[in-house]
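Dear colleague,

Please find the structure below. The findings follow it, arranged by element.

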Number of protein chains: 2
Amino acid sequence: MNGKIYLTPGPTELYPQIDKFVIEAINENLLSANHRSDVYIDIHKKVVQNLKSLMNIPDDFDIFFVSSATECMDILIRSTVRKNSFHFVNGAFAERFYKTSLELNKVADSVTVEYGESFEFTEINNKPELIAFTQNETSTGVYLDPEFIYQYKKLFPNAVIAVDIVTSAPYVNLDFSKIDAAFFSVQKGFGLPAGLGVLITNKKVLNKSLELKSSGISIGSFHNIPDLKKFSDLNQTTETPNVLNIFLLNKVTEDMLRKGIGKIRQETIEKAELIYNFFDNYKYKPFVKNKKDRSPTIIVIDTRDETEKIKSILKSNGIIVGGGYGKFKNSQIRISNFPGQEKFHYEKLINILSKS
Amino acid sequence: MNGKIYLTPGPTELYPQIDKFVIEAINENLLSANHRSDVYIDIHKKVVQNLKSLMNIPDDFDIFFVSSATECMDILIRSTVRKNSFHFVNGAFAERFYKTSLELNKVADSVTVEYGESFEFTEINNKPELIAFTQNETSTGVYLDPEFIYQYKKLFPNAVIAVDIVTSAPYVNLDFSKIDAAFFSVQKGFGLPAGLGVLITNKKVLNKSLELKSSGISIGSFHNIPDLKKFSDLNQTTETPNVLNIFLLNKVTEDMLRKGIGKIRQETIEKAELIYNFFDNYKYKPFVKNKKDRSPTIIVIDTRDETEKIKSILKSNGIIVGGGYGKFKNSQIRISNFPGQEKFHYEKLINILSKS
């Protein structure tokens, strides 16, 4: 590394020892190995087991490796929605999920809140086949209490409850028995290079995709759920995957399991408190006013249009933070707080800003 | 590397110095950099220019980075086919392209030849919107003369002529003015880790996708052509891409340009002649009988059901070759001959087999 610390929303600081793991993959010729070979199958099997242990994912859920979280949205809509989806829109990534449904020619309804705010209970009037939640909005730093999500599972037992946990995995403690699908990408909380999306689905998703397919609706060809399932049952992927990232995810989840998810969550909370406490008493305040809606992993600060100044001060001291998302580019900064990032990174950030 | 030489169809032997390039990417924090940042944009721009120079791709073609060649088939069908596609099927990957069209609920017609053989001129009776060719069949080692493909561009000027060059790029010398789309993945002729597909398309593909979209047909959401185009015009991708592989592709294409594509092609032919000459006079013969149909880059040998024996002899001497594809698993071996693989690798292989 060149001495800089990346506290960006992702791609972000690489998980410790990634360089060592990459060299190991090259030296062991893993990147030349066939993706139907025992050496690949063994890694695939392990990483699925690790993710299930780490995130408490029930055994009857499938874990599919695709290319990005955006792709997961596409797969979920085309696999499970004949006509209607419903979207809780609290930022740009929730909006992306909603637009994905429209672009796939579905009837997408939504409830939208102001950026930085969260939802009140909302009645849904049509009968959605999929209800989409962005549990941790990377564009706004709003964290949605999983309990809010679970109540819709009770109200709509036939709908697929789909949860974007792109920047909250593996921190978020989801009860998978109360949702049907979740997805994330690895360049966030797992600190890997970009280029791998992870889609977690239950039998309802598979069955719905088979039902749509048998009724003559195209559920897509590339990365369709029944094919993904067929190969994942063999601990393989449909096509040659990003083997390097699957190998690295195995290494990182191994390390996280060694450390323990309880400790990772506790440290995340402690680091988040440190950061929010500082900014609550600083000239630039947290964007999310309601403390219960504040994400522990994506912390958004209003900069009163001084984003460039703050980024530049931090950069000259070796710390890179993200700018605001979209229209907030120049009026916010975004600071990530992922498991691979150390408390002293934030102490350093606070120390620099305190003096400026 | 652990001393083994991978002469597999891909994933295959890594291009020389990949380990050095990966370390460079990590040390320069490239894998933590944002994919909208100048540092990424600069690499994206360079690799597009390099590919255009290396493969003589006209400036008005677009180059999109996606996740795999299989995905490219999906993108091309859903972006350009309202109803009819036509497929020249000479092996398992051509069959995959054909099935992709069926799975996307299109009317796909095809002409199929026996594995190991190539096509006579075939009349096409419906008016296909896309005609699919597998220019180098990785499952059979059949190489399709580009002139065969070009004649259909003349006959069907409104159709999209789509060419799978997965295992012939960058060796194959295509005249892009006589086709509309081509695609490959990087773990073959470019010797990279798997996880990146490259899709090359012209304005006809873009215009057809816009036409379908405006007539109310879904052209897909994730990786739809108009969005891919919008971001590639900014030297970016729609979502966070496999930045490492794009960086490595830049390094490898730089090296190939230094060497010169003429020299790479000449060396490929020389190595192919060495291999075919040996097997033509050996107890196990090349699968493709007609010399003009033989692929220089994927060489398939009939093993009279002794695949395991041959693979095992070679493996104990440090050389890994591929088994046959699908039903030929135990009756063929497949040997790749890519630019990063050296002549002495094949001399060693010949030496070992000569003695056995």
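**Strand 3 of chain B**

Strand 3 (residues 84-89) of chain B is mostly covered, with 6 of its 6 residues buried; buried means under 20% relative accessible area, exposed over 50% and partly exposed in between, using a 1.4 Å probe and protein chains only. Strands (E, at least two residues) and helices (H or I, at least four) are DSSP runs numbered from the N terminus.

This is a predicted model, in which local features need pLDDT of at least 70 and side-chain atom pairs count only at pLDDT 80 or more, while totals for chains, interfaces and linings use all residues. Residues are numbered from 1 along each chain as its sequence is written, chains are lettered from A and ligands numbered from 1 in the order in which they are written, and side-chain values use heavy atoms, leaving out hydrogens and water.

In a regular strand the side chains alternate between the two faces of the sheet. Strand 3 of chain B is covered on both faces: Asn84(B), Phe86(B) and Phe88(B) are buried on one side, and Ser85(B), His87(B) and Val89(B) on the other.

Two strands pair if DSSP finds at least two bridges between them. Strand 3 of chain B pairs in the parallel sense with strand 4 (residues 107-112) of chain B over 6 bridges, and Ser85(B) stands opposite Ala108(B) of strand 4. With strand 5 (residues 130-134) of chain B, strand 3 of chain B also pairs in the parallel sense, over 3 bridges; there Phe86(B) has Ile131(B) as its bridge partner.

**Helices 9 and 11 of chain B**

The axes of helix 9 (residues 261-280) and helix 11 (residues 343-355) of chain B come within 10 Å and cross at roughly 10°. Axes are lines fitted to C-alpha atoms, for helices over the stretch in contact, and angles run from 0 to 180 degrees between N-to-C directions.

In chain A, 7 strands form an open sheet in the order 2-10-9-8-5-3-4, with mixed pairing. Its edge strands are strand 2 (62-66) and strand 4 (107-112) of chain A, each pairing on one side only.

With kind regards
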